[in-house]
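Here is a short report on one structure. Please look through the sequence and the model first, then read on.

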Amino acid sequence: MVVESTSINLDQLDLGYLAFFLGQRVNELVVGRLMRAGFKQVRESHGYVVQHLIEQDRSISDLARRMGVTQQAASKMTAEMIRLGILEAKTAPDRRAKVIRISKRGWESIRFSRRARAHIDRRLATLVGARNYRPMKACLVECLTELGGVQRIRSRRVREPR
């Protein structure tokens with residue numbers, strides 16, 4: 001049984017929580033759309049791996065280092081994503097290691113996710129109006145800049161919440 005508390009005043013939540021909860025809800029909606037579109041068993045955590053492969057293929061060691069996890073953890077996650085068809089492994093040119101890359105199906109899921117996110121973004125912009133929406137985004141960027149979060153985004157090194 002779920003008990004809903006009506007005593008939580010959303011106005012008392014700080015900007016960080018509100019932005020986090022909004023982002024979390026958008027991610028839930030995108031994952032739901034992915035699943036309905038046939039990308040079964042996809043998880044939000046897969047995106048934290050994919051971001052490191054968008055610009056180039058990488059070894060498991062490199063992925064682990066960039067993700068800030070053990071090689072075993074990176075290997076386990078990539079093995080799952082290979083089973084799902086999101087990633088694929090190929091032998092490195094020196095034949096000593098495997099190189100992980102995004103599969104054709106993985107790129108399809110990325111394009112689908114980007115379209116779903118754009119649709120939700122337009123929905124929110126329409127809801128609050130462009131006059132309000134642009135300054136809200138600018139405010140969040142300014143806050144991220146002040147707290148030092150922009151470089152992680154630009155370098156595609158956003159860490160999965162723990």
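Arg-156 sits in the segment after α7 (150–154). Helices (H or I, at least four residues) and strands (E, at least two) are DSSP runs, numbered from the N terminus. The model is predicted: local features need pLDDT of at least 70, side-chain atom pairs count only at pLDDT 80 or more, and totals for chains, interfaces and linings use all residues. Residues are numbered from 1 along each chain as its sequence is written, and side-chain values use heavy atoms, with hydrogens and water left out.

Most residues other than glycine have a negative phi. Arg-156 is not a glycine, yet its phi is positive, about 55°. Gln-41 also is a residue other than glycine with a positive phi, near 65°. Gln-41 lies in the loop between α1 (15–36) and α2. A glycine, Gly-68, follows α3, and its phi is positive, near 75°.

How open are these places? Buried means under 20% relative accessible area, exposed over 50%, and partly exposed in between (1.4 Å probe, protein chains only). Arg-156 is partly exposed, at 27%. Gln-41 is exposed, at 56%.

Arg-58 is buried, with 9% relative accessibility. Arg-58 belongs to strand β1 (residues 58–59). Contact means heavy atoms within 4.5 Å. Beyond its neighbours within four places in sequence, Arg-58 touches His-52, Leu-53, Leu-63, Arg-66, Lys-98, Val-99 and Ile-100. Val-31 is 27 residues from Arg-58 along the chain, and their C-alpha atoms are 25 Å apart.

Now to α3. Of its 8 residues, 6 are buried, so α3 is largely enclosed by the rest of the structure. The buried ones are Ile-60, Asp-62, Leu-63, Ala-64, Arg-66 and Met-67. Their cover includes α2, β1, α4 and β3 (98–102).

Two helix pairs come next. Axes are lines fitted to C-alpha atoms, for helices over the stretch in contact, and angles run from 0 to 180 degrees between N-to-C directions. Nonpolar here means Ala, Val, Leu, Ile, Met, Phe, Trp, Tyr, Cys and Pro; charged means Asp, Glu, Lys and Arg; the others, Gly among them, are polar.

| Helix pair | Angle | Axis distance | Classes in the contact |
|---|---|---|---|
| α3 and α4 | about 110° | 8 Å | 4 nonpolar, 4 polar, no charged residues |
| α5 and α6 | about 120° | 6 Å | 6 nonpolar, 1 polar, 2 charged residues |

Angles under 35 degrees count as roughly parallel, over 145 as roughly antiparallel, 65 to 115 as roughly perpendicular and the rest as oblique. The angle of about 110° makes α3 roughly perpendicular to α4. Ile-60, Ser-61, Leu-63 and Ala-64 of α3 meet Gln-71, Ala-74, Ser-75 and Thr-78 of α4. Helices α5 and α6 are oblique to each other. Their contact includes Asp-121 and Leu-124 of α5 and Tyr-133 and Met-136 of α6.

Last comes a pocket. On a 1 Å grid over the protein atoms alone, a pocket is an open set of points where a 1.4 Å probe fits, with protein on both sides within 12 Å along at least five of seven lines; lining residues have an atom within 4 Å of a point. The second largest pocket holds about 200 Å³ of space. Its lining has 17 residues, with Tyr-48, Met-67, Val-69, Glu-160 and Arg-162 nearest its centre. The elements that give it two or more lining residues are α2 (44–50), α3 (60–67) and α4 (71–83). By class, the lining has 9 nonpolar, 3 polar and 5 charged residues.

Definitions and conventions:
Grid points are joined across faces, edges and corners, and a volume is the space filled by probe spheres set on the points.
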